[in-house]
Amino acid sequence: MKRFATLMLAFALVLGAFSAAQAADIKAKGQWAFDFAWTDSLGFSKSGDNGSDGQDDFSASQRFRTQIDVIASEALKGVVFFEIGNTVWGRAAEGGALGADQTIVEVRRSYIDWIVPNTDLKVRMGIQGLDLPGATFGASPILSGEDGAALTLSYAINDMLGVTALWARPYEGGANETEANGHNRFDEVDVFALAVPVTLDGYKITPYGVYASVGSDADLSVGASADYVAGGMQSLGQYVGGLTGDDTKAYDAWWGGVAFEMSAFAPFSLKADFTYGSKDANEDYATRSGWLVSALAAYKLDMVTPGLVAWYGTGEDDDMSDGSERMPSISPTAWAPTSFGFPGSVYRMDSNLGGTSNGVGSWAIGVQLADISFIENLSHVFRVVYITGTNDSDVVKKNGLAGDLIGDTSNGIFLTEKDHAIEVNFDSTYQIYDNLKMVVEMGWIRADLDDNVWGDPDLSDAKKLVFNFIYDF
């Protein structure tokens, strides 16, 4: 009996040692977001004879995101990121109707971070956040705010110089997928990127390059990332510049750029980005090349930070027989100079002017007053931006695209050199508790399109008043 007891004790000690060796720390963080929104004329649609523009004036929704870190050591951890929502209250398919139960849990990210033994090389592999360098608005005009399968390598050479390399596969497959029948189709989209951040005293400069390979069998009408690589920024691209389905030919795209940040003359700061991109599908109306530059200058005071923002993106000329003059992109869904026309809201009810695009085909100048604070725990941002197009108006008239492009406002308005828009934001944040804040967003956009180009588009001003409650943990 004693021998059996001794054996069991030894076995228990071995199991205990094994369990300790396999133990990992579990940490969770995340956010609940609630949105109560009153909007009018989203998409700039005019009210009809019945007094309705076909949209709900009020909506309520919520979203839950949580990230779970499984930490084995300082050199190894796994991360999984779940999302529930966007759930619009009352919609059964989204779990917002009576009864609530729906299969709506999404896996946004699932990856591991590890350090190559005896080196400082950091590796991230799996479904992860995809963000190329971007300084002006904290996001890249090429690829930002997206999740996808990728392998990222990062190495800090010293305190001033680092290197980051990326391989991502945003898309594989097509509508006529035949691999199951023993055929191997060239239907992949691969993206490779290299960035070299340089950090100096009061300066940060990040030059980078990006290359994308699009397979001849990739169905570019499926999947947002591949579609942006294909036609670039939707709108005009999808009508005369895009490629989908059987018309697709294998082609390459590439970008080069630099992100610049200066704080050496604080309280004055300057952020700027310059990017050039090109794609060539070897047939008419498929080539695409152009550049985009943006900048934000700010001066921080005690109770407010005034700033000046501007950007310029090349636009289409009157003859598109040699391709598009607007810079292609992959999916810049976080490029956000404003909180109504572009995706700068803390939750939703944005992207009403630029869609999920960047500033290609337009130029803009604006002023903003950020960090306005006269009362403890209450701050404001006030912003006015004037935007006009850099696209030749003859592109619309020659191709007869007025009706198509006006109807495509979900992807932003295509502005010609004769069109402009004005956006005004006033957003307030009140910190109720350390982890709970209320954000009130007010936005107004007037889009003025030339009648000779668009044939009296009869647009209405877009307006929003949104109450957001954000609980971070």
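Y312 counts as partly exposed because its relative accessibility is 34%; partly exposed is the range between buried (under 20% relative accessible area) and exposed (over 50%), using a 1.4 Å probe and protein chains only. The model is a predicted one, so local features need pLDDT of at least 70 and side-chain atom pairs count only at pLDDT 80 or more, while totals for chains, interfaces and linings use all residues. Residues are numbered from 1 along each chain as its sequence is written, and side-chain values use heavy atoms, with hydrogens and water left out.

Y312 sits in strand β15, which covers residues 305-313. Strands here are DSSP runs of E with at least two residues, helices are runs of H or I with at least four, and both are numbered from the N terminus. In a regular strand, side chains alternate between the two faces of the sheet. In β15, T305, G307, V309, W311 and G313 lie on the covered face, while P306, L308, A310 and Y312 lie on the uncovered one.

What about the neighbours of this strand? Pairing requires at least two DSSP bridges between two strands. β15 pairs with β14 (residues 288-299) in the antiparallel sense over seven bridges, and a hairpin of five residues joins β14 to β15. One of the bridge partners is L308, which goes with A297. β15 also runs antiparallel to β17 (residues 362-375), with eight bridges between them, and in β17 it is W363 that stands opposite Y312.

L308, Y312 and W363 turn up again in a nonpolar surface patch, along with F274, W291, V293, I365, V367 and Y386; together these residues have about 740 Å² of accessible area. Such areas come from the Shrake-Rupley method with a 1.4 Å probe, and for residues only the protein chains shown count as cover. To join a patch, a residue needs over 30% relative accessible area and no salt bridge; like charges are joined within 9 Å, and nonpolar side chains (Val, Leu, Ile, Met, Phe, Trp, Tyr) within 5 Å. β14, β15 and β17 each give the patch at least two residues, and β17 has the largest share, with three.

W311 belongs elsewhere: it is among the residues with the most contacts inside the largest nonpolar core, which has 44 residues. A core of this kind is a set of buried Ala, Val, Leu, Ile, Met, Phe, Trp, Tyr and Cys residues joined through side-chain atoms within 4.5 Å. V210 is also on that list. Leaving aside neighbours within four places in sequence, V210 is in contact (heavy atoms within 4.5 Å) with L132, V191, F192, A193, A253, W254, W255 and I330.

Now for the charged side chains. Those of opposite charge can pair when their charged atoms come close. A salt bridge puts a side-chain nitrogen of Lys or Arg within 4 Å of a carboxyl oxygen of Asp or Glu, and the count by this rule is 13. R108 and E83 make one of them, at 3.4 Å from N to O. That pair links distant parts of the chain, with R108 in strand β4 (residues 105-115) and E83 in strand β3 (residues 76-88), 25 residues apart. D113 is buried because its relative accessible area is 14%, whereas R124, at 30%, counts as partly exposed.
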